[in-house]
Amino acid sequence: MIDFLLLVICIGAALLALAILVQPDSFMVRREAVIDAPPRKVFAAINDLRNWESWSPWAKLDPNADTRYEGPGAGPGAAFEWSGDKKVGAGRLTIVDSRPSERVDLSLDMRKPFVATSNVTFVLSPEGEVSESGWLTRALGFGGVSGTGKTHVAWSMSGKTSLIGRAMNIFISRDKMLGDQFEKGLANLGAQLAK
């Protein structure tokens, strides 16, 4: 009986190890929304990390988190550090590149509850019809839209998955967990810009 039980435990452990090893070694989470504001206004809200407290879903999860800003007020080099409860952990978010009214690229370095580095990207595009003079408004930095004044926003996060992350994938959907927060954040951003 003990031999049979030991065999079952070994087979179960081997199956679990195999399930962990076949999990993807990278991830990508992406959510999209249309925000009722022109690209230049959406860009300004994302490109200045100090604005994030008004719309980031993680800021609302732990409003008492210790926060600190470094570098320029906005754009490449601007950084935001936080240390909070177990819901938000601790980490650093740094803008690595930005193109007015088009995109913001960030590096997310988590320190707690686990160490990980991910790439975060916001891609903005005018929603609706662009007039023939759209090239001029884009060249002048006004977002290139003369139609609806709405912006299609795609928020994504990607990175490598550690062995522990692969094991977590078996029990927790990273896409659902992060995707739900992205959806809340995009809704908060839209509501903030509608004011």
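A term first: pLDDT is the predictor's confidence in each residue, on a scale from 0 to 100. What we have is a predicted model, in which local features need pLDDT of at least 70 and side-chain atom pairs count only at pLDDT 80 or more, while totals for chains, interfaces and linings use all residues. Residues are numbered from 1 along each chain as its sequence is written, and side-chain values use heavy atoms, with hydrogens and water left out.

The chain averages a pLDDT of 83, and 82% of its residues reach 70 or more. Where pLDDT is low, the predicted coordinates should not be read in detail.

Now the layout. There are six helices and seven strands; these are DSSP runs numbered from the N terminus, helices being H or I with at least four residues and strands E with at least two. In sequence order the pattern is α-β-α-α-β-β-β-β-β-α-β-α-α. Of the contacts with a separation of 6 or more, 58% are between residues 24 or more positions apart.

Next, burial. Buried means under 20% relative accessible area, exposed over 50%, and partly exposed in between, using a 1.4 Å probe and protein chains only. Of the 195 residues, 37% are buried. In helix α2, residues 39–47, the buried ones are Pro39, Val42, Phe43, Ala45, Ile46 and Asn47. Their cover includes β1, β4, β5, β6, β7 and α6.

What lies on helix α1? Leu15 belongs to this helix, which spans residues 2–21, and Leu15 counts as exposed because its relative accessibility is 53%.

Strand β7, residues 150–160, holds His152. Which side chain does the His152 side chain make a polar contact with? The partner is Glu32, at 2.7 Å. A polar contact is a pair of N or O atoms within 3.5 Å; within protein, one must be able to donate a hydrogen and the other to accept it, and residues adjacent in sequence count only if both atoms are side-chain atoms. Beyond four places in sequence, His152 also touches other residues, including Val34, Val123 and Ser125.

Last, salt bridges: a side-chain nitrogen of Lys or Arg within 4 Å of a carboxyl oxygen of Asp or Glu. The whole structure has nine. One of them joins Arg92 and Glu81 at 2.5 Å, N to O. Arg92 sits in strand β4 and Glu81 in strand β3, residues 79–83, so the pair ties together parts that are eleven residues apart in sequence. Both Arg92 and Glu81 are buried.

Arg103 pairs with Asp105, their closest N and O atoms 2.9 Å apart. Arg103 is partly exposed, at 23% relative accessibility, whereas Asp105 is buried, at 13%.

Elsewhere, salt bridges with shared partners link Arg68, Glu70, Glu81, Arg92 and Arg111 into one network.

Notes. Contact = heavy atoms within 4.5 Å.
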